[in-house]
Amino acid sequence: MARGKTDVPSIAPIKEKRTVGYYVRGFLKYFVLIFFSLCAVVPLISCVTTAFKTTDEYKATSVMELPESFLNFSNFVKAFTTANMGRAFINSVIVMICVLLVSVVIGTQLAYVLNRFKFPGNGFIRTLFLVASLLPAVAMQVTVYNIMGDLRFIDHLYGYIIMSCGTDVISIYIFIQFMENISVSLDESAIVDGASYWTIYWKIILPLLKPAIVTACILKGVVIYNEYYAANLYLISPEIKTMAISLYKFVGPMGSQYNLICAGVIISIIPALIVFICCQKQIYSGITQGAVKG
């Protein structure tokens, strides 16, 4: 028998039957994607175009119409100086760093206790945190404002920081959920070697919680940096205002200067954009690792 190449029958690829429903699903999928993309991009484009317009040009044109020149930086200079955005940015950074540090320390320790120690009332405490997360923050502002007034914390940056350091329920649940994946055998081995509970927390649990800490800091940091209601309520003096409320200077009873407001918004976005560009690898790594269970 002559030796030759063995003919292997080729398997034809299975083609999906393209019905009317297939095209409808494809259309809806891309329509929803494009629609929500435009909802996110159009306001940003409008903000950029408005920021480069003069006051007369803004009144005479639509918000989506391009400015006469993209080299008109007078709005940015005026917004930065008039609203004292330099000082406002420093205040925002101080508040954000202090709040994140306290939230991470308290949140990780509380999660460590609730996850590793079984004691009467453990489930009750978790239920209380769940109930607290369901209460609207605005509904509790009357009580919070009275407490802040009694403690003389109103119109003081340290008072606003202490109020913002309130336990973040979402962060605690992130830490607890991630701690479920850390083996208890690590704690047991450390105890056998003579480690205390504080040593276990500080040298074992806390380093392993780094992905969850990154995720919690991103969520909490964005909220603190963009907080307007509480900052406007408790920070009255111009020298302690944060970025979110510094632009309120351009809003008045005779109208709002939206070209200056848009310029200030872009200025406030630049620091966060720089941090994201420089640390995007760590941010993506922390989010993905913090979201994976098991």
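A residue is called buried here when its relative accessible area is under 20%, exposed when that area is over 50%, and partly exposed in between (1.4 Å probe, protein chains only). You are looking at a predicted model, in which local features need pLDDT of at least 70 and side-chain atom pairs count only at pLDDT 80 or more, while totals for chains, interfaces and linings use all residues. Residues are numbered from 1 along each chain as its sequence is written, and side-chain values use heavy atoms, with hydrogens and water left out.

**The overall picture**

The chain's secondary structure comes to 14 helices and 2 strands. Helices (H or I, at least four residues) and strands (E, at least two) are DSSP runs, numbered from the N terminus. Contact means heavy atoms within 4.5 Å. Among contacts between residues at least 6 apart in sequence, 69% join residues at least 24 apart.

**The cores**

A nonpolar core is a set of buried Ala, Val, Leu, Ile, Met, Phe, Trp, Tyr and Cys residues joined through side-chain atoms within 4.5 Å. In soluble globular proteins, nonpolar side chains tend to be buried together. The largest nonpolar core in this chain has 23 residues, and Met179, Ile205 and Leu209 have the most contacts inside it. Helices α4, α8 (169–179), α10 (197–208) and α11 (210–226) each supply at least two residues of this core. The biggest share comes from α8, with 7 residues. Apart from this core lies another, of 18 residues, including Phe76, Ala88, Tyr225 and Ala263.

Which residues does isoleucine 205 touch, leaving aside its neighbours within four places in sequence? They are Tyr112, Arg116, Met179, Ile182, Asp187 and Ile200.

**How the helices pack**

Two packed helices are described by the angle between their axes and the distance between the axes. Axes are lines fitted to C-alpha atoms, for helices over the stretch in contact, and angles run from 0 to 180 degrees between N-to-C directions.

| Helix pair | Angle between axes | Distance between axes |
|---|---|---|
| α4 (residues 85–116) and α5 (residues 122–134) | roughly 135° | within 10 Å |
| α9 (residues 184–192) and α10 | about 145° | 10 Å |
| α10 and α11 | roughly 60° | within 5 Å |

Angles under 35 degrees count as roughly parallel, over 145 as roughly antiparallel, 65 to 115 as roughly perpendicular and the rest as oblique. The pair α4 and α5 is therefore oblique, and the pair α10 and α11 is therefore oblique too.

A crossing is left-handed if the near helix is turned anticlockwise from the far one by less than a right angle, and right-handed if clockwise. Helix α4 passes α5 in a left-handed crossing. On the α4 side this contact is made by Leu110, Val113, Leu114 and Asn115, and on the α5 side by Asn122, Ile125, Arg126 and Phe129. Sorted by class, the contact of α4 with α5 has 5 nonpolar, 2 polar and 1 charged residues. For these classes, Ala, Val, Leu, Ile, Met, Phe, Trp, Tyr, Cys and Pro count as nonpolar, Asp, Glu, Lys and Arg as charged, and the others, Gly among them, as polar.

Helix α9, by contrast, passes α10 in a right-handed crossing. Here Leu186, Asp187, Ala190 and Ile191 of α9 meet Tyr197, Ile200, Ile204, Ile205 and Leu208 of α10. The residues of this contact divide into 8 nonpolar, no polar and 1 charged.

Between α10 and α11, Leu206, Pro207 and Leu208 meet Lys210, Pro211 and Ile213. This contact has 5 nonpolar, no polar and 1 charged residues.

**Some residues to look at**

Asparagine 115 sits in helix α4 and counts as buried, at 8% relative accessibility. Not counting residues up to four places away in sequence, asparagine 115 touches Arg126, Ile176, Met179 and Glu180.

Serine 164 lies in helix α7 (residues 157–164). Is serine 164 buried or exposed? At 10% relative accessibility, serine 164 counts as buried. Leaving aside neighbours within four places in sequence, serine 164 is in contact with Val99, Lys220 and Ile224.

Asparagine 84, in the loop between α3 (74–82) and α4, has a phi near 50°, a positive value in a residue other than glycine. At 37% relative accessibility, asparagine 84 counts as partly exposed. Arginine 152 is found in the loop between α6 (141–150) and α7, and has a positive phi of about 60° although it is not a glycine. Arginine 152 is exposed, with a relative accessible area of 61%.
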